[in-house]
Amino acid sequence: MSQIFPIDTVGHDSDVVFDNIGMTFGTKTGVTQAVANVSGVIPEGKFVSVIGPSGCGKSTLLDMVGGLLKPTKGTVSINGETVTGPRRDTAMVFQEDSTLHWRTVLDNVAFGLEVKGVPKADRYESARRMIELVGLSGFEDHRPGQLSGGMKQRVAIARALAMEPRVLLMDEPFGALDQQTRQFIGRELLRIWEKTRNRVLFITHDIQEAVYLSDEVWVMSARPSVVKEVVTIDLPRPRPEGTHTLPRFRELEDHLWELVKVEAEKTLGPGARLA
Ligand SMILES: Nc1ncnc2c1ncn2[C@@H]1O[C@H](COP(=O)(O)OP(=O)(O)OP(=O)(O)O)[C@@H](O)[C@H]1O
């Protein structure tokens with residue numbers, strides 16, 4: 001079921017490769033070693049989720065892939081090239097509302113393509129296609145202020161997908177949404193991803209969400225973090241609505257919870273016991 005690191009980190013040119021990366025932050029009050037050492041590969045067409053206790057370095061890991069943070073140790077490479085900053089083939093979606101409130105939905109979704117210099121007719125055509133894919137047809141001329149939280153998040157996802165990224169980085173993208181909306185958008189994301197099959201790195205606190213969406217779940221240890229275990233999600237795809245009730249789903253969920261619980265108890269300090 002699972003694999004303990006270090007795994008084979010050679011990877012192919014089309015992979016996202018983490019080669020012994022670490023991140024230590026220097027602050028006025030001292031140093032924080034966030035990520036101790038992570039090695040791993042996200043192969044072409046794979047959906048990888050990262051779970052772990054609060055503050056273990058999940059966002060830090062994602063920001064290093066996105067080129068927003070430079071690792072203090074090791075390298076991340078995409079398609080055989082070391083990541084040194086944000087890349088055109090990589091798109092990011094965050095938890096907080098990142099819509100541009102003065103622009104319409106259509107112009108929000110077309111924004112990344114505009115920055116890339118794609119001509120207006122082409123970018124609008126792609127944007128309309130993505131808007132349809134995320135179920136927002138009819139809202140093209142609305143502004144974010146006229147949308148619900150879930151709809152705004154779908155705009156952010158459509159904007160990222162319109163860029164046709166080869167690597168999609170998502171940092172708790174559904175974290176601010178209610179449970180029903182979260183499940184609905186999760187299913188939508190999976191439906192779209194099954195068509196695009198780009199490489200996804202997805203951060204979540206929700207173990208069910210991680211099992212439902214992923215090919216692999218990386219469980220991070222308490223800080224300074226390493227990947228404690230890689231759990232292969234061997235559920236068939238596509239994953240229809242009743243997937244959550246499969247006995248195998250429950251087994252995977254229980255196994256992941258046991259792993260995370262131990263690390264969360266370390267983070268919460270002596271005496272902390274989680275059910
Ligand atoms: N810019 C920064 N400067 C200093 N310390 C930082 C910085 N960014 C993150 N950290 C520290 O690095 C550690 C990891 O933070 P990070 O946000 O990556 O964790 P996380 O696992 O994503 O947390 P959460 O699950 O709570 O969102 C934390 O101790 C945090 O305080």
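The views below are taken from a predicted model.

**View 1. Glu 172 in the loop between strand E8 and helix H6.** Glu 172 is not a glycine, yet its phi is positive, at about 45°. The loop that holds Glu 172 lies between E8 (167-171) and H6 (179-196). Glu 172 is partly exposed because 19 other C-beta atoms lie within 10 Å, and a residue is buried only at 20 or more.

**View 2. Asn 79 in the loop between strands E5 and E6.** Asn 79, a residue other than glycine, has a positive phi near 55°. Strand E5 covers 73-78 and strand E6 covers 81-82, with Asn 79 in the loop between them. With 15 other C-beta atoms within 10 Å, Asn 79 is partly exposed. Most residues other than glycine have a negative phi.

**View 3. The cis peptide bond between Arg 223 and Pro 224.** Omega for this bond is about -5°. Pro 224 sits in the loop that runs between strand E10 (216-220) and strand E11 (225-232).

**View 4. The cis peptide bond from Arg 237 to Pro 238.** Omega is near -5° here. Pro 238 belongs to the loop between E11 and helix H8, and H8 spans 247-268. Most peptide bonds are trans.

Terms used:
Residues numbered from 1 in each chain as written. Predicted model: local features only at pLDDT ≥ 70, side-chain atom pairs only at ≥ 80, totals over all residues. Helix = DSSP H or I, 4+ residues; strand = E, 2+ residues; numbered from the N terminus. Buried ≥ 20, exposed ≤ 12 C-beta atoms within 10 Å, placed from the backbone.
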